Amino acid sequence: MTSGISKKIKEIRFSLLSPEEIRRMSQVKIITADTYDDDGYPIEKGLMDLHLGVIEPGLRCATCGGKVDECPGHFGHIELAMPVVHIEFIKEIKRFLDATCKVCGRIKLTDEEIKAYKPRMYELMHSKADVELLEINIKKITDEAASRTICPHCDAQQTKIILDKPTTFREEGIKVTPKEIRERLERIPDEDLLLFGMDEKVARPEWMVLTVLPVPPINVRPTITLATGERSEDDLTHKLVDIIRISQRLRESRDNGSPQLIIEDLWDLLQFHVTTYYDNQTAGIPPARHRSGRALKTLVQRLKGKEGRFRSNLSGKRVNFSSRTVISPEPFLSVNDVGVPEVVARELTVPVSVTSFNIDKVRELVKRGPSPRDESGRYIPGVNYIVRPDSRRIKITDENAEINSERIDVGWTIERQLMEGDIVLFNRQPSLHRMSMMGHTVRILSDRTFRFNLAVCTPYNADFDGDEMNLHVLQNEEARAEARIIMKVEEQMLSPRFGGPIIGGIHDHITAMFLLTHRNPRFTEEDTINMISYVDVDHLPDPEIIDGKKYYRGRDIFSLILPEGFNARFSSKLCAGSEGKCPYEDRVEDKEVYIRSGKLLTGTIDEAAISPFSGVIIEKIFKKYGPSVASTFVDRMTRLAIGVLNVIGFTTGIHDYDIPEDAVSSIRSVSKEAVAKINKLIENYQAGLLEPLPGRSVDETLEIEILGVTGEVRDQSGKIASAHLGLNNPSVIMARSGARAKMLNISEVAGMVGQQSVRGGRINRGYTGRTLSHFEKGDIGAEARGFVQSSYKNGLNPLEYFLHSIGGREGLVDTAVRTSRSGYMQRRLINAFENLKIDEKRRVVDTSGSIIQFSYGEDGIDPAKSDKGRAVDVDYTIFDEVGESS
Amino acid sequence: MARFNVLNHELVPEHQILSKKDEQKVLKELGIRKDLLPKISKNDPAIRALEELNGPIAEGTVIRIIRKSPTAGVSVYYRMVSGSEVIK
């Protein structure tokens, strides 16, 4: 495929095959329904005649003399004993019969009308006009002609023709045979065809009634030889056999003067077979079946639908050297790695060209055979195939490995099994952004799942509730180099969406780092070594000696994994979101993270420091030290997190939400107060005393006021609950460190669930004037509109539960609607932008070189390399270089 | 004449007609042919307003548009006046 004649398609024209043309392109007239003789040799003038092409190695085509892969196959033909209609043209045949005179064959329009319509039709046929427009015109003209009951040309009285589906035409109840139909269509003069949208140069209406049937080459309907040596014919061949048999019987019956009834039966049978040969799912016809009862797959079935030629083979692309399986987490892998099961690694291969430099190694590799293991029984790569310079492939087995390793020479290629360190592409659908497909290095593991570091869940949007992912093995050096340099996970750590990290610690990693650094706890030497043993760090921090025992501080342990010379300063997430004075953290010690020369001096490491989307430390390390240092930091951080949690221990459960009796009662009184307040509001409203807010009606004002009250109670109950739940509470630790959930969720469990809403308002649907039949009509009180006073822990009463479900469903519906809409929008955007590129002057240009934007994003900044959209973070750079200043 | 002038609206960026000399300079700076510039219809309200002020504008004239940009502060854009009704 190096060169060839390139031509541009100017136009495509559809036409009908004429019987002459079918005969002309045919290499052989098929007269016998047999395929092979007893020796398995194709019978002459049978359906497998050698003139139709070859599919068996060793034989040569009788038409072109080509061998198996050289001969493209050739058509044959069957002369049908009697004409039959072509099922795919039924509609058109009906239109012709309806619109033309049964006697003279002219279109039933006056000469004036014909003269008026012709130029318009000519124009539509010969311009690039919309096909739909053409069809509308044809329908208009032919409908007009069909409505005439007397021919304007010969004054003959017309009769109505009814299509008795699928293939029978009736005229006043009497069947019109295909032969008659064909005769009528023949009478239509060429000049009138234009008005039917037919070009007389390439098509005649009578060609829609078949007298000759083309027989496709055997390449289209190959014989399958089963392992038992039994031959199995293609569905199309089966159908063609039926057609020839019936055609023969029909010819014999006709020639020896059988009764008309028998002939007609056979004719109908022939029509059935030809119809199902084209489309075996024609409405009104039972599908032709295989002996086993399976419906045959005939021509239309090959093309149509999702599994048809178009959608499956032409629009759809499939690849080799790929694999798919369930994913599971493996915290001891680097973010750059992917754990590949041995079974997968044995199957997937990388081509290695044999050169004078590697021939000895390659011979050694081939000698191992297809399933080698080292002395200790561990996986080592073998070779599945070797490819000769003439691209013949030889499968390597344990038996032939030794001999084949000798045969290999420079210029051969071997297909080596996957080994540790190979680069592969790893992907999870839907692939919504470029981080959905990243380059990983292979680690061979046991079992049957793909495994990876939890920090990579975020870019793939993966979890482990049964998700599957795909893996692709790259097949050439160029692709591997590209994957290593631009697709590797560590290269993709910053998202082009917001210029911040997309890879970072999640859930337990954040909890662990929080526990390690908050209030800077002391750990014994034993615990410290235990934690550090999870990380490739070979020294301990400076100890604190108390009573002759060595102790280590959490922040010093964390500092071990920071790169040397790293500086950062920012606020922990701890107090974010709390209004006014933060109840716990008035201590700068805990709140303000201060890292100087790779030492964490103050502050708590939490979501703001290490999480995807916001992790300042990850972002700054990446920007200052580059991808490999940043990925090493994430590797160590995630491992250290496991170590820390293994030492400290961390458990959450329902008892996290136990609050003292007096707290419960004060929450209850707060909610009672709220209900009272709401009732008061409603009273005022009903008395007409409610003052409307500016720009609002009284009704709206009431709803807003009530929502205000319910919001207030929820906050209050949350405050009461959290006043009793301190930072020694695991759930609170998770919420405040940003590992999982919000304080709001905790107050929902411990305190009160609060007002349920649909579309931003209180629940107001169901029966007329009420949400449930348990309320009176017109009740707009708190309970009737979805104010849930219970907590999740104590449980909701049935009414609350029902209303809560209404509110909960809204969220589900919203996500379902949103994903489909945004997905479609994204698709349109991608299609609009796919052929734009940034040139060397940072301009956005299209393929013709036209300028779209004079500087990308108007500022020429690559968001993936930017600092949250800005070119440089001046404050940080000064802080980093100069130290304390502002 | 108290007719509304779109160019004075705060949401309409500044449009300037480039002289032939400036045009050559700009094209040389960009290193492209004129027809690769983005287009602006001669029926565009901004072009009509400019015509009202400065007399007819020929097709092929280059217009400099100075816009406020959320990313770059100020961004300069060039468009070539095109005769066609609809711009692809």
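How many of the 5 residues of strand 10 (residues 337-341) of chain A are buried? The strand is mostly covered, with 4 of its 5 residues buried, where buried means that 20 or more other C-beta atoms lie within 10 Å of the residue's own, exposed means 12 or fewer, partly exposed is in between, and C-beta atoms are placed from the backbone. The model is a predicted one, in which local features need pLDDT of at least 70 and side-chain atom pairs count only at pLDDT 80 or more, while totals for chains, interfaces and linings use all residues. Residues are numbered from 1 along each chain as its sequence is written, and chains are lettered from A and ligands numbered from 1 in the order in which they are written.

Helices (H or I, at least four residues) and strands (E, at least two) are DSSP runs, numbered from the N terminus. Within this pair, Asp337(A) stands opposite Thr441(A) of strand 16.

**The nonpolar cores**

Next select Val340(A) and Met513(A), which touch the most other members of the largest nonpolar core, a set of 100 residues. Such a core is a set of buried Ala, Val, Leu, Ile, Met, Phe, Trp, Tyr and Cys residues joined through C-beta atoms within 7 Å. Helix 22 (residues 627-648) of chain A gives the most to this core, with 7 residues. Around Met513(A), and leaving aside residues up to four places away in sequence, the residues touched are Gly505(A), Phe558(A), Ile605(A), Asp606(A), Ile610(A) and Ala641(A); contact here requires C-beta atoms, placed from the backbone, within 7 Å. A second, separate core has 46 residues, including Ile93(A), Ala145(A), Ile181(A) and Ile188(A).

**Thr142(A) in helix 4**

Move to helix 4 (residues 131-146) of chain A, where Thr142(A) is found. Thr142(A) counts as buried because it has 22 C-beta neighbours inside 10 Å. Beyond residues up to four places away in sequence, Thr142(A) touches Arg95(A), Asp98(A), Ala99(A) and Phe196(A). For a distance to display, take the C-alpha atoms of Thr142(A) and Leu109(A), which are separated by 9.0 Å although the residues are 33 apart along the chain.

**A bent helix**

Helix 3 (residues 111-126) of chain A makes a contrasting stop, as it is hardly covered, with 1 buried residue among its 16. From first C-alpha to last the helix reaches 22 Å, close to the 22 Å expected at 1.5 Å a residue, the expected span being 1.5 Å times one less than the number of residues. At Lys118(A) helix 3 bends by about 30°, and a proline, Pro119(A), follows within four residues; the bend is the angle between axes fitted to the seven residues ending at a residue and the seven starting there.

**Two open sheets of chain A**

Strand 2 (residues 75-85) and strand 6 run antiparallel and are joined by 6 bridges, with Val209(A) of strand 6 as the bridge partner of Val85(A).

Strand 23 (residues 592-596) and strand 24 pair over 3 bridges, and Leu600(A) in strand 24 is the bridge partner of Ile595(A).

**A hairpin in chain B**

Finish on chain B, where a hairpin joins strand 3 to strand 4 through 3 residues. Strand 3 and strand 4 (residues 73-82) run antiparallel and are joined by 8 bridges, with Arg67(B) opposite Ser75(B) of strand 4.

How values were computed: Two strands pair if DSSP finds at least two bridges between them. Two residues are in contact if their C-beta atoms, placed from the backbone, lie within 7 Å.
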